[in-house]
Amino acid sequence: MRHEDLLRVCLQNLRRRKSRTILTVLGVLIGCCSIVIMVSLGIGMKESQERLLAELGDLTIITVTAPQKGHGKKKLDDPLLRQIRSMDGVEGVTPKMGFDNYTCRLLVGPGKRYVAEWATIAGLDTAQMDKMGYQLTEGSYPATSGEVAVGQYFAYNFQDTFRPEGFNTINRWDSGFDDQGRPLPPPDPYFDPLNQTLTLEVETQEGSFTLPLKAVGAVKEDNAKGYETSDGVLMRMEDLRALVKRAAGSGAGASPAYDSLLVKVRDIQQVEPVETSIQKLGYTTESMESVRKPMEKEARQKQLMLGGLGAISLIVAALGITNTMIMSISERTREIGVMKSLGCYVYDIRVLFLSEAGAIGFLGGIIGCLISFLISLIINLVSLGLAPENLLPAALGGPAVNRLSVIPPWLYLFAILFSIFIGLGSGYYPANKAVQVSALEAIKSD
């Protein structure tokens, strides 16, 4: 038989028993919907976890510290810096030092009107900031002596000394939240730090001194790189070491070792091997991998569990297909005998029954995917809010859209192929049974 004839006979047989075909397709449809929706909920859960981790900062950053806080034999120095930079998968490395041992404050504006009673100051290799994944909200990175970058919310640390106590600060959280629970843009601070000259006032045992600073850029907040990206000051390592030496005065000794190293790898999958290599050198490391891995494992387990529950429904539907095909054989015994008597090959009879079973699986898979899309859309619309403007985000998602159900294209393809496979698998036994029917006995059959 030609392929066109097989297809035509297959469709005729399915239409001839419409009620049975519809009920069997309905079983496959329900199974397909179950597996797609269950897996989509697991994917949505994983996507929410990844978004939560991303809010905590760059997941490809490793913080390296020396054992015994640098008082032992292991030091964070330039030879170690070069060694880590040569490791496979490392994209950038910068040393980092703080200015925590001294009391300091920042003054800005005419007559030093605006005052920050404390300041987080960090020194690093500013030439590596771009490679390290620092992002500027405006301006540029520090390049010469006296230039600094400030954190995204640096200006909110300042008090207005011309205003009464209790009314002299601006809280960046005062703007509140929108209907989706997302924070609204903060109110404007008292001043723009990039248009002002900052004065750093440092208290030491030998007295105090001031240092003018020029903010040339504002860095986007990223807690994985340090809290200074939120409300602190980032300066060149050379400038910070000169500042430390000046603050130490006559007690200044040799240049101290770095407080820590920040290591950025090219891909999140390379965090663990690079971290292990650094630990083998005898140094302590810290990254988001210790948080991400358990969360990823938990999400994968839930995906498997939800997918398994959906697969059970599809397997039950497979039993329905098997039952339908066996009933079809018992009703079409005479037809099978006539086909054999007319010279129809055993192969063609087997293919005919397998085609009918596969067609049932295909139809159930296609319709099941369409209904799954609608169910997923409704779930997301309910979670985001039943409003017309949420229709497109609920369907397609987006960077700031937190969907409960996420169906990637590959899941639709998998569901359709799996439904066809279930149909073919369910029809294999009935097809073999059909070809074993004796032509003579089949013709005698009523």
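Arg236 counts as buried in this predicted model, with a relative accessibility of 16%. Its side chain meets that of Asp239 in a salt bridge, at 3.2 Å from N to O. Asp239, at 15% relative accessibility, is likewise classed as buried. The chain has 446 residues, of which 45% are buried, and its secondary structure comprises twelve helices and 13 strands.

**Salt bridges**

- Eight salt bridges are found in a search of the whole structure.
- Arg105 pairs with Glu117, and 3.7 Å separates the closest N and O atoms.
- Arg105 is partly exposed, its relative accessible area being 28%. Glu117 is also partly exposed, with a value of 45%.
- Glu201 joins Arg105 and Glu117 in a network of salt bridges.
- Asp160 and Arg163 form a further salt bridge, in which the closest N and O atoms are 2.9 Å apart. Asp160 is buried, at 1% relative accessibility, whereas Arg163 is partly exposed, at 42% relative accessible area.

**Nonpolar cores**

- The largest nonpolar core contains 48 residues, and the members that touch the most others are Phe99, Ile121 and Val263. Helix α5 (residues 237–248) contributes five residues to this core, the most of any element.
- When neighbours within four places in sequence are set aside, the contacts of Phe99 are Cys104, Ile121, Val202, Leu240, Leu243, Val244 and Ala247.
- Another core, of twelve residues, lies apart from the largest one; Cys32, Ala311, Val406 and Ala415 are among its members.

**Helix α3 and its cover**

- Leu80, Leu81 and Ile84 are buried in helix α3, which spans residues 78–85. Viewed down the axis of α3, the buried residues fall within an arc of 105 degrees, so they line one face of the helix.
- This arrangement can be read against helix geometry in general. An α-helix has 3.6 residues a turn, so residues three or four places apart point the same way.
- The elements covering the buried residues of α3 include strand β2 (90–98), strand β12 (260–265) and helix α6 (271–280).

**Surface**

- The chain exposes about 23,600 Å², and 58% of this area is supplied by carbon and sulfur atoms.
- A nonpolar surface patch of about 540 Å² is formed by Phe362, Leu363, Ile366, Ile367, Leu370, Ile371 and Ile375.
- Ile375, one of the residues in this patch, is located in helix α9 (residues 346–384). Ile375 has a relative accessibility of 33% and therefore counts as partly exposed.

**Contacts across the sequence**

- Of the contacts in the chain between residues at least 6 apart in sequence, 78% join residues at least 24 apart.

Technical notes:
Residues are numbered from 1 along each chain as its sequence is written. This is a predicted model: local features need pLDDT of at least 70, side-chain atom pairs count only at pLDDT 80 or more; totals for chains, interfaces and linings use all residues. Side-chain values use heavy atoms; hydrogens and water are left out. A nonpolar core is a set of buried Ala, Val, Leu, Ile, Met, Phe, Trp, Tyr and Cys residues joined through side-chain atoms within 4.5 Å. Buried means under 20% relative accessible area, exposed over 50%, partly exposed in between (1.4 Å probe, protein chains only). Helices (H or I, at least four residues) and strands (E, at least two) are DSSP runs, numbered from the N terminus. Contact means heavy atoms within 4.5 Å. The arc is that of the directions from the helix axis to the C-beta atoms. Patches are made of residues with over 30% relative accessible area and no salt bridge: like charges are joined within 9 Å, nonpolar side chains (Val, Leu, Ile, Met, Phe, Trp, Tyr) within 5 Å. Accessible areas come from the Shrake-Rupley method with a 1.4 Å probe; for residues, only the protein chains shown count as cover. A salt bridge is a side-chain nitrogen of Lys or Arg within 4 Å of a carboxyl oxygen of Asp or Glu.
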